[in-house]
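Here's a quick briefing to read with the model open beside you. Have a look at the sequence and the structure, then go through the notes below by topic.

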Amino acid sequence: MDYVQGITPEERWKNDKLNELRRQALLLEQIAQLLNEKVSRNEESVVTGMTRKVNKIINAGIAQKMSLQGGDEFHMHPPADETRNGFMTVEDGKTMNGATLSPRPNTLTPNTLMKRNPSGRAEVSEPLELDNIARKQEVDKVEEGIVINITSNVAHPTEHISYSGEVIGARNVKQTIDKTDSRIDSLILNIGDGTPEVIDARGGFPLLGDRLDAFDNNMAGIVSVTNFNTFASAIDHLKTLGGGILRVPKGTYNESFKIDSGNIALKLDDDAVIDGKISIKGEGVGKSNSVSFVGDWSVFPSGTSVFNGDFSAFGVGDVVMIETGIQNATYNQTGIDFGTVASASRTNLMIDLPTKFAYNNPTISKVSGAMYVTGSISADDSSITGNFTNLLSVGAIVRFENRSGDGGADSSTAYFEINKVVSISSTAVVFENKFTHSFTDYWIVKLNYIDNVSISGGKINTLEVEYVSDFKIDGTKHGLTNDGEFYTVSLKYIYEFYISTIDVEVISKPIGVELVYCYNGFVSGVVVSGARGSTDNANLKLMSCINVALDTVVSTDTKSSSAEAVIPFIIDYYYTPYKCWNDKLVIDSITATGNKNQEDLTSPDFWAIGVRNSIVSGVACNNPIRISNNLNVIYSDLINDSTLFLDQGCVSIAINNFKCGSLDIVGLVLSTISNGILTSKDAVLSRVIYLHGNTRYVKLKEIYVSLSAYTTLYIQNSEHIEVDGISDQAAGEYSVFHGDSATNVRYGTNFFAKATPSNTSSIAPTKHYGIPKGVIVPFFVLGRNSYSDKGAITGDGTEYKCVFDGDGLNTYNKNNVTDLSKFTVPGEAAGNYMITASIGLEGLGSSHNLAELYLLKNGTQKYYLDYRQISLTGSLYLNGTIVLPLLAADYLELCVKVAGSSRTITWPYSEMGGQLSGTLLFAE
């Protein structure tokens with residue numbers, strides 16, 4: 001062989017062939033790319049088959065390339081040896097090197113790689129198997145066909161493109177499209193029974209819900225608790241994602257767990273049950289280095305400033321918080337003190353301000369984010385002046401702890417309030433809400449809340465939520481077993497919340513749902529029942545809440561085991577030692593019906609204590625309604641079957657539209673009570689309306705008192721009382737009675753049935769109205785004419801006066817009871833009377849031509865009830881109604897007259913009834 005520049009002809013041939021294969025492979029790769037672009041333009045059905053062919057050719061070319069590079073002497077790609085890898089083994093390389101070129105055209109042997117054509121040129125042998133290398137002309141031919149297909153503007157008929165897949169019966173693309181289109185039409189038009197659509201919607205899952213669950217679980221931030229060992233691990237996973245949704249499928253989960261970060265939604269399936277306690281808690285006050293003590297209220301009384309213990313971790317100027325370890329309703333349940341460290345050592349701690357409250361087993365902690373301010377805040381302010389930029393920022397939720405002011409309920413100095421920063425500068429801070437309380441010398445403490453947590457669906461044993469903002473509960477049920485907790489649903493220190501459609505069944509607990517120190521929220525659709533206990537609690541309890549709307553509550557089935565009541569609904573303000581107002585509440589549509597406490601018959605179904613600037617309407621109860629310590633509150637549409645108590649210092653309230661048993665008014669000031677009906681049930685001390693206890697500047701107006709044996713209005717230790725439009729049916733001794741110290745009582749137009757006693761003569765009403773003494777309204781008598789047993793009269797124009805049977809047996813004087821021939825107005829019974837009378841006559845003849853029914857007043861004045869010209873035979877019914885003014889001692893007689901014939905007429909019955917319909921004035 002000849003050598004040119006050190007390269008043998010065989011090596012030169014191999015290099016030329018490799019270069020040619022490289023060019024062909026590059027071209028095929030470009031073709032494949034074009035085909036892929038066609039696929040991305042939804043032309044897959046046309047080119048998928050060609051793409052497969054091209055890829056096969058590329059693979060074949062690569063195999064050929066590797067074969068050509070296998071020789072040991074090939075300089076571009078070294079062969080494999082004992083120390084390195086190559087394109088083929090050393091043995092394969094030697095086999096290739098031993099191959100010979102065929103000297104004759106078209107001659108191929110197992111060891112022949114190349115052959116010569118008739119022109120004497122060497123070329124690749126003709127392939128015999130699919131895995132043999134292809135020749136250039138065959139590659140060129142395939143390439144030409146592919147290019148023609150790609151560049152062609154002529155569509156390929158879909159029936160000529162084969163198909164093999166899941167569409168049953170389709171053998172080409174056209175059949176596939178037609179069958180799919182027909183199926184879609186069937187689903188959309190709901191042809192048949194709809195089953196295909198359901199199956200398609202399920203997407204291979206047993207139920208559509210399972211498919212949706214799988215879809216949810218595949219979304220970022222949505223996980224199912226079933227994918228984790230515990231709820232805690234699932235919550236931890238969501239925390240790493242910055243929040244998300246935790247789904248709880250159907251089933252019962254006997255686990256308690258905590259949520260201590262925000263942006264988490266807990267979604268329970270309807271049949272999911274968490275038989276444990278869920279605690280959702282922010283930190284609240286930022287605390288550290290806590291030191292606890294043992295000692296009761298006598299060891300740590302109010303005014304303590306020195307605490308013995310190891311406080312080496314504390315320094316002068318640090319702010320500390322003192323909180324009680326054991327709650328006591330007499331001394332301290334929730335009170336905390338803040339102070340600045342004056343000195344600290346391994347033996348004791350001294351704070352600059354002595355404690356306001358007493359403590360049992362207190363804990364003292366170092367506090368971050370707190371500042372003491374000397375100055376004042378007025379109620380209804382919404383900003384404070386000063387530079388607080390090092391402490392607060394926009395969105396911060398802040399606690400204001402009063403030190404010296406007396407702006408709490410009952411002028412208490414123990415109160416606090418929570419608010420939110422909306423803007424801040426170096427000179428002032430503006431807050432979201434106007435302040436309810438006024439403050440003098442106070443602590444500002446930044447609180448640590450978690451934000452945006454929600455729960456929906458399912459059933460939960462116990463739920464405890466504290467220091468959370470933007471909190472939601474929707475459509476959940478609560479209460480399973482007695483797990484020793486005091487409550488079933490507890491929300492404390494919540495800022496911005498939404499509670500809707502919850503059902504709470506309380507089991508052996510004194511509280512069903514409690515909202516304590518909650519701000520800016522909405523509650524709607526609560527059904528709660530079953531609270532039991534011996535403490536003063538309720539099915540539903542609001543404690544010192546501000547800016548809260550609550551509607552549509554049904555609270556039933558409560559029972560107490562002591563004189564303190566567990567009642568259906570309570571709004572309270574006293575959580576020892578704090579007396580914080582409930583302010584700006586809007587409460588509507590409350591049904592509260594409990595079991596009356598056998599120890600205390602005044603136990604209410606609804607009790608509102610410490611409420612101001614609020615509206616309450618639509619309250620329906622069985623047992624008493626009680627309103628205490630209210631300021632500037634409107635109540636309307638109240639219904640119960642017992643007493644409405646207004647007590648303990650209510651000021652400036654209005655009670656409108658009510659129906660109750662009685663009114664007990666104690667210490668009410670500057671208020672109105674109007675438009676009511678009292679049934680006289682459960683009257684306190686036999687007094688239907690009872691004013692006492694320094695009640696003053698109160699107006700009673702338009703109240704109707706039904707028949708009772710009690711005194712209608714009893715006024716004692718009260719002054720500046722106005723009474724107007726009171727109407728009663730008293731059967732007792734008096735309608736009005738003034739006890740001791742009833743002064744400046746003014747009466748307007750009233751309807752009193754009974755006289756006032758002599759001891760009220762100096763302030764008695766100058767005018768009054770009444771119903772005849774001893775007569776029940778409406779009065780009614782029934783009997784026969786007493787002249788004969790059959791009541792026969794003649795029809796010759798004679799006047800007959802009806803005489804009514806006094807014993808009510810419709811027989812003539814059978815029991816020797818005086819029969820009644822007239823109605824006489826008693827001495828105090830002046831007024832306008834509506835009289836109705838009727839009479840039945842039988843045996844009229846054709847000659848009778850006139851029939852009259854009339855009243856005679858005082859024997860002379862005639863007032864017609866019925867007057868008829870007649871021409872008939874048989875029976876006749878006469879009747880009529882008239883209103884007559886009657887004075888004391890006036891009397892009425894009912895008379896009948898028939899004229900035209902002396903023929904006898906029978907008189908089976910007559911009747912007359914009357915009731916007071918108007919009034920006439922008369923002087924005492």
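Thr501 counts as partly exposed because its relative accessibility is 48%, and buried would mean under 20%, exposed over 50%. Thr501 sits in strand E27, which covers residues 495-505, and has a positive phi of about 55 degrees even though it isn't a glycine. Keep in mind that this is a predicted model. The rest is sorted by topic.

- Ser544 is another non-glycine with a positive phi, at about 50 degrees.
- You'll find Ser544 in the loop between E31 and strand E32 (546-556).
- Ser544 has a relative accessible area of 2%, so it is buried, the cut-off for that being under 20%.
- There's a cis peptide bond between Thr576 and Pro577, with omega at about 0 degrees.
- Pro577 belongs to the loop that runs between E35 and strand E36 (578-579).

**The largest pocket**

- How much space lies in the largest pocket? It comes to about 1,200 Å³.
- The lining is made of 44 residues, and those closest to the pocket's centre are Gln327, Gln333, Thr334, Lys492 and Tyr575.
- Several strands give two or more residues to this lining, among them E10 (284-292), E12 (319-323), E23 (459-466) and E26 (489-492).
- Also on that list are strands E28 (513-516), E31 (537-543), E35 (574-575) and E38 (606-609).
- E31 provides the largest share of the pocket lining, with three residues.
- E31 also turns up at one end of the loop that holds Ser544.

**Cavities**

- Searching the whole structure turns up two cavities of 30 Å³ or more.
- The second largest cavity holds about 40 Å³ of space.
- Its lining consists of Ile336, Asp337, Phe338, Lys356, Phe357, Glu401, Asn402, Arg403 and Trp443.
- Strands E13 (336-344) and E18 (397-402) are the elements that give two or more residues to the lining of the second largest cavity.
- Of these, E13 gives the most, with three residues.
- Which classes make up this cavity lining? There are four nonpolar residues, one polar residue and four charged ones.

- Val586, Ile615 and Ile634 together make a nonpolar surface patch of about 250 Å².
- Ile615, one of those three, is in strand E39, residues 611-621.
- Ile615 is at 43% relative accessibility, which means that it counts as partly exposed.

**Phe231 and its helix**

- Is Phe231 buried or exposed? At 1% relative accessibility, Phe231 counts as buried.
- Phe231 is located in helix H8, which spans residues 231-240.
- Phe231 and Val248 are 17 residues apart along the chain, and their C-alpha atoms are 9.4 Å from each other.

Terms used. Residues numbered from 1 in each chain as written. Predicted model: local features only at pLDDT ≥ 70, side-chain atom pairs only at ≥ 80, totals over all residues. Heavy atoms only, no water. Patch = residues over 30% accessible without salt bridge, like charges linked within 9 Å, V, L, I, M, F, W, Y side chains within 5 Å. Areas by Shrake-Rupley, 256 points an atom, 1.4 Å probe, with all protein chains shown as cover. Salt bridge = Lys/Arg side-chain N within 4 Å of Asp/Glu carboxyl O. Helix = DSSP H or I, 4+ residues; strand = E, 2+ residues; numbered from the N terminus. Buried < 20%, exposed > 50% of the residue type's maximum accessible area, 1.4 Å probe, protein only. 1 Å grid on protein atoms, 1.4 Å probe; cavity = no way out; pocket = protein on both sides within 12 Å on 5 of 7 lines; lining within 4 Å. Points joined across faces, edges and corners; volume = space filled by probe spheres on them. Nonpolar A, V, L, I, M, F, W, Y, C, P; charged D, E, K, R; others polar.
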